[in-house]
Protein chains: 2
Amino acid sequence: MSTKDRSQEQKSVSRGFDFELLHRDSESEARLGKITTPHGEVETPVFMPVGTQGTVKGLTPETVHDLGARIILGNTYHLHLRPGHELIRAHGGLHTFMNWHHPILTDSGGFQIYSLGALRKITEDGISFQSHIDGSRHFISPEICVEIQEALGSDIMMCLDECISYPADFNYAEKSLDMTLRWAKRCRAARHNESQALFGISQGGKYTTLRKRGIEELVDIGFDGYALGGLSVGEPKEVMREITADCTPLLPEEKPRYLMGVGLPEDIVESVYHGIDMFDCVMPTRNARNGMLFTSSGKVVIRNARYREDNSPVDSECDCYTCRNYSRAYLRHLFVAGEILAVVLNTIHNIRYFMNLMATIREAIKNDYYTTFRQNFFSGLSGTETENK
Amino acid sequence: MSTKDRSQEQKSVSRGFDFELLHRDSESEARLGKITTPHGEVETPVFMPVGTQGTVKGLTPETVHDLGARIILGNTYHLHLRPGHELIRAHGGLHTFMNWHHPILTDSGGFQIYSLGALRKITEDGISFQSHIDGSRHFISPEICVEIQEALGSDIMMCLDECISYPADFNYAEKSLDMTLRWAKRCRAARHNESQALFGISQGGKYTTLRKRGIEELVDIGFDGYALGGLSVGEPKEVMREITADCTPLLPEEKPRYLMGVGLPEDIVESVYHGIDMFDCVMPTRNARNGMLFTSSGKVVIRNARYREDNSPVDSECDCYTCRNYSRAYLRHLFVAGEILAVVLNTIHNIRYFMNLMATIREAIKNDYYTTFRQNFFSGLSGTETENK
């Protein structure tokens, strides 16, 4: 393939999918962009709420969209096991099935299968595993992984990868990387539906040399976007930040860059600084269910007795439905009483917090003050961390 | 008190509360009416969804209102124990606390305390009981019962009554009735806030003579409305229907009539026929959480395997959000996966079913075909009962 051919290939891996780089922050690697998919456009940097089993837990899709979410993540592993991807295909795909008519990214299931530990076995062919639900045996190859995601009909599919534990020794990380790269090629070849974008996933553990070679080979295969995988798996925070800082500049500028499974607001702010465009994490939804709320002045653990009679909103700077209409005392009451509405209202708040954060990030990049924003964010944060002790 | 005085008293027991009889069905006792409260108007016959702990389980107040609910019921017993009525008073009352700015009726707690069985002791003074939550000891007298409901700030308060078991012997029922009547007087006398209406509760078990005398004495005390209590406590369905048919005509025509804790759609249709205006029941919300959905063609138990691949809505005749946007297969998936959205979507459907039923009932009364509607309802119902076997 000539350079010219490859350049064209890079531009049009998928029909209906596009990424446009709109602006670059003048003092950092932070970028403003726009992803176009068959189900709509997404401004980046973007955070994707997680809809594990065909639902962002507790919320209707209309509410999720009203909160500002423009793309959500669906879990291939979970949906394959239950209700089954063929059932979803027969319903016209995941968008119709779950009534979310905006972009969806599906992961490959690699991370969930990795989490199964002893219940999975990995070979060159693919991954054999037992269901966490009923112990039934399953096999996912790169080809099957793509087939499932095509049945789901997501706008962005992810390649099957081996997610390795931290720490892994160099030899294991290298062998695993090579297999993940062969799997990436097989995923690319297995694709039938060109209206669904396909992203490659960088592996290689904590070894920058492996990461670097892996990214080069992935780019050589050619994908619609590139993800950093194998992070947020127990490594120290500095390792995650170092790999993000080292690897992001290696990813093609004209493609979206996705840091999988991240994360905390501070990790998002830091990673955007290095040029990451996309994030996903269960944190806003899971923490909401556990009664932990993100606010402009630090974390609020709503069941705390100090909020028993507190008639102020969770976050006086927040514009969400929950903060506009309910007191901390009411939210504490709902949580302590085990009421379902506690989950609903907490999730609304946390997702809105993340959506507002991303909007602020995009605004800062657009107006070339991302570095200042980042400094203020971290000085504000360290203040509240102290306060919360 | 002269007859004229009493008539005026009957008309204006509370400020801001009113009941207007708009129309009487030409062939039955069914009535169309309008209740006015400080928080808005309510067309009758009306069904009140239950918001036990300051929330109609799973739904935001806006959703409850959008579904057609115009008045909800709050539980004095539950709110007294958790979060405490003084906390709610400090928040400006239950309307503000829970963000429902429409009418609220609070029960007296009598039924919940009755349900505690051995954990309660009843004397002339009031009821001593232990909390079902933490075993703490509490005491509620008629005066305290009114005080709690005034703290909650409901639009309609209920008198404290003794709810007796079925069957109770005549002597016990009579002694209990007399005490309930003395309590009713004490509640009436204890009231401070005239903007909150107060309803009396008819007791007397299955004994029509007791019921009759009790109602006469209640009317003599003078309330804003009258309820039939002590039903739906395990008696055969015929007993409940017989008492409703016998007692409803004894209640003052110019006051709303409330059949407490009822109930099933067929019981509502039957009781409206005899002249009942108000209902409440946990059935639509509780059954929704258990995956049982009311439909125009009978009950649907959504976890049933027959719905696994069923891409039709729960009820093709229903106009609710759930039926307009989701398939039975999706709802089954959510329920089987234990997703919170299952509760939300099922509850939306069931409440809408009840609201649509009440709207149809009011329309039938307005146009003088309630008898025909009732006949069609029961012939349709018997058909589907057979189908569901």
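## Reading a two-chain model

Of the 389 residues in chain A, 50% count as buried (20 or more other C-beta atoms, placed from the backbone, lie within 10 Å of the residue's own; exposed means 12 or fewer, partly exposed in between).

Student: Where do the numbers and letters come from, and what kind of model is this?

Tutor: Residues are numbered from 1 along each chain as its sequence is written, while chains are lettered from A and ligands numbered from 1 in the order in which they are written. This is a predicted model, where local features need pLDDT of at least 70, side-chain atom pairs count only at pLDDT 80 or more, and totals for chains, interfaces and linings use all residues.

Student: What pLDDT does chain A average?

Tutor: pLDDT is the predictor's confidence in each residue, from 0 to 100. Chain A averages 93, and 95% of its residues score at least 70. Over residues 1–12 of chain A, though, the pLDDT is below 50, and that stretch has 6 contacts beyond near neighbours in sequence (a contact means C-beta atoms, placed from the backbone, within 7 Å). For the model, ipTM is 0.94 and pTM is 0.95.

Student: How does the radius of gyration of chain A fit a compact globule?

Tutor: The radius is taken over C-alpha atoms, and the globule rule is 2.2 Å times the number of residues to the power 0.38. For 389 residues a compact globule would come out near 21 Å, and chain A has 21 Å, so the two agree. Along the principal axes, its C-alpha atoms fill a box of roughly 65 × 50 × 40 Å.

Student: How many helices and strands are there in chain A?

Tutor: We take DSSP runs, numbered from the N terminus: helices are H or I with at least four residues, strands are E with at least two. Chain A has 16 helices and 16 strands.

Terms used:
Two residues are in contact if their C-beta atoms, placed from the backbone, lie within 7 Å.
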